[in-house]
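Good morning, and thank you for coming.

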Amino acid sequence: VEPMRGTIFDRKMNTLAFSFETDAVYAIPYQVQNPLSDAKIIAEKLNLPEKEVYNKLTKKASFVWLKLKPSPEEAQAIKEARIPGIEIAQKAQRFYLQGTLAAHLLGICGIDNQGLEGIELYYDQYLRGIPGSEQAEYDSKGNYIPMGERRFIDAQNGASLVLTIDQVIQHIAERELEKAVVENGAKRGAVILMDPMTGEILALANYPTFDPNRYGQYPTANRRNWVLVDQYEPGSTFKIVTAAAALEEGIVRRDSPFFDPGFIIVEDRTLKCWRAGGHGSQTFVEAVENSCNPVFASLALRLGPEKLLQYIRAFGFGAPTGVDFPGEAKGIIPPLSRIKNVELATIGFGQGISITPLQLLCTLSAIANGGELLQPRLVKEIRTPDGKEVIKTFGKTTIRRVISRETARELADILSSVVENGSGNRARIAGYTVAGKTGTAQKPGKGGYGQERIASFIGFAPVENPKVAGIIILDEPQGPVKYGGVIAAPFFSTIVGDTLKYLEVKPSKNTEEKRQNLDKNTVVVPNFLHLPRTKAHQILKEIG
């Protein structure tokens, strides 16, 4: 007697996955009297191959399933046929109420009530329940003894789960992610939103997606939750780690001067800035706003391999975050013995290492919350099968303090300047202060780096009282512009902006007043890249 699998709720007790009983047809081979003729009748009524049914009816087993999900008409036809040894049992079927919503997180179940992927697999021991049984005495030939002993042992239904996910925020993330991937012709994309003060994941989306109710109809690749189980080279978003280490160690200040000629020479290598000709004279704040590679390469060299590696590992890179999801990747951090000056310089601006998006978001959350690295969580509570009583609660788990409150506050302020004045200006959200960092990483391939890019943006808001930290990644965008600050930041703005409104976080009038005063003295030049000259002239005239 199968137990009912536990229900999965979102953080507000909205049902995401549940089980219900359906008919299933089985056979007791020893009780089948005429296998040949019975197989023909059963095959006809259940729309199954006759040979397959015959093989099952003649199998040397005490019990075999014939069809697990017959239609109501098929089940009724078998009942009316009254064939000896052919019975109908109640079997639990899993149903995902919201279809594709949070599919990669929830995962899928097999035909025997077992979790196969995702949360369904990770928490299978709780969700599965304990089977019961209906016992009766049979003789040596497998015939039921009418006056024999009978026992019925109740099944214990599985526990319910309450996720940290909010289905409304999840919907916002999935809606905007699909737009971002389709509009930019990207291979795939991902979004994670987290409460930086607790480590609770509010939304996690991948695109392309799939429907767990019909997962067999989709390519296997669609089911891969790559944002947790795969790793990638982050590029410029990783500069927040180098900046945090440099500020904490006191080797740089906000107003520290730098000069960028467009490259930096490290041993026999020339490492170029993304901007031809470089950024010239700039302060450290301006270098972060400009996402200047030579500056971050020089900071890494000043820190040295031991110290930089110490901070990289302290922020959790190179080890699983401990999130409650199966198969989490840990990333690849080169050992100290392999980090020479060139490798050290490139790590400083996010090349030569592999991380997961969740690891990077946990690092940003540490900056947002005052310097503490938190363990991310997907499940908030385990409850009784009816969902009314709490069995176990998962609270905030602090792994370690990585940087001081003062450094975290200083870096948060610098990252807010990236959004207000620098490369992340398209991530602005009306009425809210946003801190963030853009990223445009080259993808490594055979023989070096190719032409494909990963565009990303990572940020949190409001800066003064962070409620949401998020990351959006677009893998291999195919449009003419592939910069994270141009194609990823606007979608981050919409996702986090809508989320803050949904969470009823009040906008600040002061923020908009400051922006309006700044904008009065600022001329924003549109992007004319790849436009015909006549079209560019026309746009310039229109905006005066």
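**Salt bridges and a pocket**

Let me begin with D413, which counts as partly exposed at 37% relative accessibility; here buried means under 20% relative accessible area, exposed over 50%, and partly exposed in between, with a 1.4 Å probe and protein chains only. The model is predicted, so that local features need pLDDT of at least 70 and side-chain atom pairs count only at pLDDT 80 or more, while totals for chains, interfaces and linings use all residues. Residues are numbered from 1 along each chain as its sequence is written, and side-chain values use heavy atoms, with hydrogens and water left out.

The partner of D413 is R254, and their side chains meet in a salt bridge at 2.7 Å, N to O. By salt bridge I mean a side-chain nitrogen of Lys or Arg within 4 Å of a carboxyl oxygen of Asp or Glu. This pair links distant parts of the chain, 159 residues apart: R254 sits in the loop between α9 (239-248) and β10 (257-260), and D413 in helix α15 (residues 405-421). Helices (H or I, at least four residues) and strands (E, at least two) are DSSP runs, numbered from the N terminus. R254 is also partly exposed, at 31%.

A second pair is K380 and E200, joined by a salt bridge of 3.1 Å, N to O. K380 lies in strand β15 (residues 379-383) and E200 in the loop between β8 (188-194) and β9, 180 residues apart. K380 is partly exposed at 21%, whereas E200 is buried at 12%.

E117 counts as partly exposed at 24%, and R223 as buried at 17%.

How many salt bridges are there by this rule? The count comes to 28. R188, R224, D230, K443, D475 and E476 are linked in a network of them.

I turn now to the second largest pocket, which holds about 950 Å³ of space. A pocket is an open set of points on a 1 Å grid over the protein atoms alone, where a 1.4 Å probe fits, with protein on both sides within 12 Å along at least five of seven lines; lining residues have an atom within 4 Å of a point. Grid points are joined across faces, edges and corners, and the volume is the space filled by probe spheres set on them. Of its 29 lining residues, V1, Y26, F63, A89 and E134 lie nearest the centre. The largest share of the lining, five residues, comes from β4.
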